[in-house]
Amino acid sequence: LKISPLGFLAGADYVKRVPPDIKSLLREEIEVQFKLWDQPVYRVTQLLEWLYIRRVTSWDAMTNLPKVLREKLRENFSLQSLELVRKQGSRDITQKFLWQLADGALIESVLIPANPSLYGEASDRHTLCVSTQVGCAYGCKFCASGLDGWKRNLAPNEIVEQVLAIERWNEAESRAKSPKSETEASPALRPSSIEERLINNLVIMGMGEPLSNYENLLKALRILNAPWGGGIGARKITISTSGLVPQIRRLADEPEQFRLAISLHGATDEVRQRIMPVNRKYPLKELTAALEYYQAQKDRMITFEYILIAGVNDAVEQTQPLGALAHHLRAKVNLIPYNKVEGLPWERPAEEVCED
């Protein structure tokens, strides 16, 4: 296989060695590669438009690129797309997408329709909940993602592709409802722009622990944030973590203004350790210190995700330490009644308990 000197593999993460996917590269990396090939810079702009605006899935579709350049791209890079295995839900409610990756692994993305967002801001389009790993190694007792253990990290392109694949699906659905002539439907002729995107909010809280796939996640988010890529504002992107303290501190020092959400689910070490093994390594004292540092660097509100589980963390006695922690960190608390997972013993609290 011919591998671009600026491309990379997911290393041991991939079972098979494949050329790096072009959607795992930043613009400047592609520019360096094109310079090595004696290609003008404007060809990079053309390529990026095909990838992120027109969202094509084959080199041959890039009709304004010279054939010799398309062949070089084909030889040195892959151009993977996700295969839709199953979709649940209709357009006016939350929709779950089950995707198959190139190596056969399965991941989920969740599309949330336009409504007031989880973080208290109006959402004029749609929010996508994105996965970062196949499975999860952190073993939160109430979560379905880790039931089969951790398989591998997602490469940057596999994170980016979740956005592109759903936008392709949406476009295909729209075409089916309003069929046009073949010429009008051609991606080479159809006008498009970043402003026409279906998705303009991302929450990184699907399968896996996002911050344990730190390098790949940050690269993917920079692609999705870039004006030449996804064009999604940094403040429209929320990264959720179960509480990986070193990575939270590292994220605080990054230049981007991504939002941060903490999967808290317990305001005392006793409760958190019962359901979240990560608390043994990073107890609340260390987590709180990392969040203080994050706020000092970013001056941004943090969100606490708190799933209410019957008999575990839903007692009125939990409100005092939860309120105190939220007040100290100027954090917003998002209370979420537990959704029953088959095979797990946890239950959703009664409605009156949730309301109290």
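Of the 356 residues in this protein chain, 53% count as buried. Keep in mind as you explore that the model is predicted. The chain holds 12 helices and 11 strands. Contacts tell us something about how the chain is folded up: among those between residues at least 6 apart in sequence, 64% join residues at least 24 apart.

**The sheet**

Let's look at the strands. Nine strands come together in an open sheet, and their order is β1-β2-β3-β4-β7-β8-β9-β10-β11, with mixed pairing. Which strands sit at the edges of this sheet? They are β1 (83-88) and β11 (332-337), each of which pairs on one side only. From one strand to the next, the twist averages 25°.

A helix also joins the picture. Helix α4, made of residues 156-177, packs on the sheet and touches β1, β2 (95-100), β3 (106-112), β4 (126-129) and β7 (199-204). The direction of α4 makes about 60° with that of β3.

The table below gathers some of the pairings, with a residue pair for each.

| Strands | Sense | Bridges | Residue pair |
|---|---|---|---|
| β4 and β7 | parallel | four bridges | C129 and V203 |
| β7 and β8 (237-241) | parallel | three bridges | V203 and T238 |

How many of the six residues of β7 are buried? Six of the six are, so β7 is largely enclosed by the rest of the structure.

Most residues other than glycine have a negative phi. D38 has a positive phi near 60°, and H265 has a positive phi of about 65°, although it is not a glycine.

Where do these residues sit? D38 is in the loop between α1 (27-36) and α2 (42-52), while H265 lies in the loop between β9 (259-263) and α8 (269-275).

Is D38 buried or exposed? With a relative accessible area of 69%, D38 is exposed, because exposed means over 50%. H265 counts as buried, because its relative accessibility is 3% and the cut-off for buried is under 20%.

**Cavities**

A search of the whole structure finds two cavities of 30 Å³ or more. The second largest cavity has a volume of about 40 Å³. Which residues line the second largest cavity? They are Q80, S81, L82, L101, A102, N157, E158 and E161. This lining divides into three nonpolar, three polar and two charged residues. As you trace the lining, notice that N157, E158 and E161 fall within α4, which spans residues 156-177.

How values were computed:
Residues are numbered from 1 along each chain as its sequence is written. This is a predicted model: local features need pLDDT of at least 70, side-chain atom pairs count only at pLDDT 80 or more; totals for chains, interfaces and linings use all residues. Side-chain values use heavy atoms; hydrogens and water are left out. On a 1 Å grid over the protein atoms alone, a cavity is a set of points where a 1.4 Å probe fits but cannot get out, and a pocket is an open set with protein on both sides within 12 Å along at least five of seven lines; lining residues have an atom within 4 Å of a point. Grid points are joined across faces, edges and corners, and a volume is the space filled by probe spheres set on the points. Ala, Val, Leu, Ile, Met, Phe, Trp, Tyr, Cys and Pro count as nonpolar, Asp, Glu, Lys and Arg as charged, and the others, Gly among them, as polar. Two strands pair if DSSP finds at least two bridges between them. Helices (H or I, at least four residues) and strands (E, at least two) are DSSP runs, numbered from the N terminus. Axes are lines fitted to C-alpha atoms, for helices over the stretch in contact, and angles run from 0 to 180 degrees between N-to-C directions. Contact means heavy atoms within 4.5 Å. Buried means under 20% relative accessible area, exposed over 50%, partly exposed in between (1.4 Å probe, protein chains only).
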